[in-house]
Each structure stands twice: as structure tokens, then as C-alpha cells.
Amino acid sequence: MCAFRGLMIFLLFITTISKLTKMCVLRLTPDNLFFVLSGKVANGGVSMWCELSQANFFDEYQMEGVSSEDNEICLEVTPENLSRALKTVQSAKSVKVKLTKKHCPCLTIAAELPTLSSVSRVVTHDVPVDVIPRRLWHEFKEPSMPDFDVSIYLPPLKIMKNVVDRMKNLSNFLVIEANLNGEMNLKIETDLVSVTTHFKDLGNPPWGDDASQGGGPSQSRDPEAMAEAKVDIRKLQQFLMGQQVNPSKAMCNIVHQRVVHLILLHEDVSLQYFIPAVA
């Protein structure tokens, strides 16, 4: 059972996730909630990992996993259904979520709504879920940080979205390239047109300066050298269209010609999104 405290931020991220995928896995542990999309990047699929600390969102949080050793629960959910249910109870005095067994397993959302009388008014929503068996849990573990060539802060997401929206009318693919000098370019090239948008002075996250911090490029890398990845422009546009929050930090890691790893940080929530490169 969960009793919400930080409903609005939670709802913003659920809505963002609903724009990225129709189905995902909700993994519950004693300390955290994870929303996971484990598309196989090697096969051209995107993957996503969103992590929320339960202590920052709930006044009360009780969960019992399948055993003391495997103290977690994995559910397949439709984030749009969860988002829609939570939107209807935004003004509630209190909101509780329970995993229940009705005609099928459900996340039951019970909300006490404001009322002018002394009689409380409780509204419930049942969001169907599928319980994932333990033998499949290994597919929903945190992805490892890729051994990236360049890490860079993203420009304002609204500006980036406007650029990508215009480029989508000209090409199905887009090249993202960046260096350790805080420069990023978005490029499209077709037989008829070549368009490049330049961003500079974006800055590079600290881990990009020291390979010993794990996954980062070596200090010997030329700061001017570009790492690039060509991606399906629709997958990048989907990520940018889905943003409901104004993150405190937005970063992009590029593994040259292999993958684009996007990271959003907002308060105590992190969202990672992996887009595979195309040949």
C-alpha cells in the first residue's frame, strides 16, 4: 500500500512515460519504484529506466515481496491508464494505491475527495496489471552506464524539440554529434538538402573529464573531436514530445555510432532513455 505525498511530480513523470511507451514494467522494492522498458537496443529498440525514491513521494509505503530474499514485485502496467486515473484525483485530500486481486490483478487507487459536508467522499479506480513471474525479473534490472565517448548537457528541451520537429519534415534520420568542448550539432543530410543546427557552450558533466569515474572518455580525447550517432528521428521526437517536466539537469551520452543515452534529473527522480544508432 502507498499513501501519496508528492502526487504532482509523480504524475508528471507517469505522463512523460506514457508518451514514451504503451506498456512498461513497474518494479517495486522497499526503497524505490522503477519504471522499465527493456527494449533490446541491439535489435533497434529503445529502452528506458526511471527511478523514484519512495520516501520522497509517499507518507506511508508498505510492500512485501515474494520472499525475504526477493523482496520486490514486478508488474506490467499501461502507464497511460495509470496517468489517467491519477489525473482525476489531483485535488484529493489523500490518495492511496494498493495491489488488489479483483477480476484480475489491479492497482486500486482510492482517493478521498474534498467535500462541503462532514461525509467523506471516496473515489476508486482499478488499473489492470499483470504480475511478472520471478523467472523473468532478470530482464528488468538497471542498465549499465554505457562506455560513452562524449557526455554533454542538453540545450533547453523545448528549443531542441522545435528544431527536431522541423527536421522531421525533411528526413527520417538525424545525426547527433557532440564533443568535450560543450558543442553539439543536430544534422540531417538527404540527396536534396543538408541542414545543421549548432549549439555551443552547453558544458560537459564532470564525469566526462575522468575515465576513472566509470564509463567516461579518457582525458587524452581531443576536446574538439566529435562523437556522433545517427538515430531514427521519430524516436528522438517521441522523447522530446513526452516531456512534462522541466528537469534540473538534462544530459546526453554518445557512444560513437552505437547509442545515444539521454538522462533527465529532476528533484529525486531520474529517467534514462537509450536510442540505438542506425547504420
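Tutor: Contact here means heavy atoms within 4.5 Å. Helices (H or I, at least four residues) and strands (E, at least two) are DSSP runs, numbered from the N terminus. The structure is a predicted model, in which local features need pLDDT of at least 70 and side-chain atom pairs count only at pLDDT 80 or more, while totals for chains, interfaces and linings use all residues. Residues are numbered from 1 along each chain as its sequence is written, and side-chain values use heavy atoms, with hydrogens and water left out.

Student: Which residue of β18 stands opposite W49?

Tutor: Strands β4 (residues 47–53) and β18 (residues 269–276) run antiparallel and are joined by six bridges. The residue of β18 that W49 faces is Q272.

Student: How many bridges pair β17 with β18?

Tutor: The two strands form a hairpin with two residues between them, and E267 in the turn has a positive phi of about 50 degrees. In β18, P276 stands opposite V259. The pairing is antiparallel, and its number of bridges is eight.

Student: Which residue takes a positive phi in the hairpin of β16 and β17?

Tutor: Strand β16 (residues 249–255) runs antiparallel to β17, and seven bridges join them. Within this pairing, A250 stands opposite L264 of β17. Three residues lie between the strands of the hairpin, and the one with a positive phi near 60 degrees is Q257.

Student: Why is β17 described as largely enclosed by the rest of the structure?

Tutor: A residue is buried under 20% relative accessible area, exposed over 50% and partly exposed in between (1.4 Å probe, protein chains only). Strand β17 is called largely enclosed because of its buried residues, which number seven of the eight.

Student: How many of the 14 residues of α1 are buried?

Tutor: The buried residues of α1 include L7, F10, F13, I14 and L20. Helix α1 is largely enclosed by the rest of the structure because its buried residues number eleven.

Student: How far apart are the end C-alpha atoms of α1?

Tutor: The expected span of a helix is 1.5 Å times one less than its number of residues. For the 14 residues of α1 this should come to 20 Å, and the distance between the end C-alpha atoms agrees, at 20 Å.

Student: At what angle do the axes of α1 and α2 cross?

Tutor: Two packed helices are described by the angle between their axes and the distance between the axes. Helix α1 (residues 7–20) and helix α2 (residues 79–87) have axes that come within 8 Å and cross at roughly 150 degrees.

Student: How do the residues of the contact of α1 with α2 divide by class?

Tutor: Among those making the contact are F10 and I14 of α1 and L82 and L86 of α2. Ala, Val, Leu, Ile, Met, Phe, Trp, Tyr, Cys and Pro count as nonpolar, Asp, Glu, Lys and Arg as charged, and the others, Gly among them, as polar. The division is eight nonpolar, three polar and two charged.

Student: Is the crossing of α3 and α4 left-handed or right-handed?

Tutor: Helix α3 (residues 157–168) packs against α4 at an angle of about 145 degrees, with the axes 10 Å apart. A crossing is left-handed if the near helix is turned anticlockwise from the far one by less than a right angle, and right-handed if clockwise. The crossing of α3 and α4 is left-handed.

Student: Which residue of β15 is the bridge partner of I176?

Tutor: Strand β12 (residues 173–178) and β15 pair in the antiparallel sense over six bridges. They belong to an open sheet in the order β14-β13-β12-β15. The partner of I176 in β15 is A229.

Student: Is P205 buried or exposed?

Tutor: P205 lies in the loop between β14 and β15. Beyond its neighbours within four places in sequence, P205 is in contact with S151, I152, Y153 and M251. Its relative accessibility is 1%, so P205 counts as buried.

Definitions and conventions: Axes fitted to C-alpha atoms, helices over the stretch in contact; angles between N-to-C directions. Pairing = 2+ DSSP bridges.
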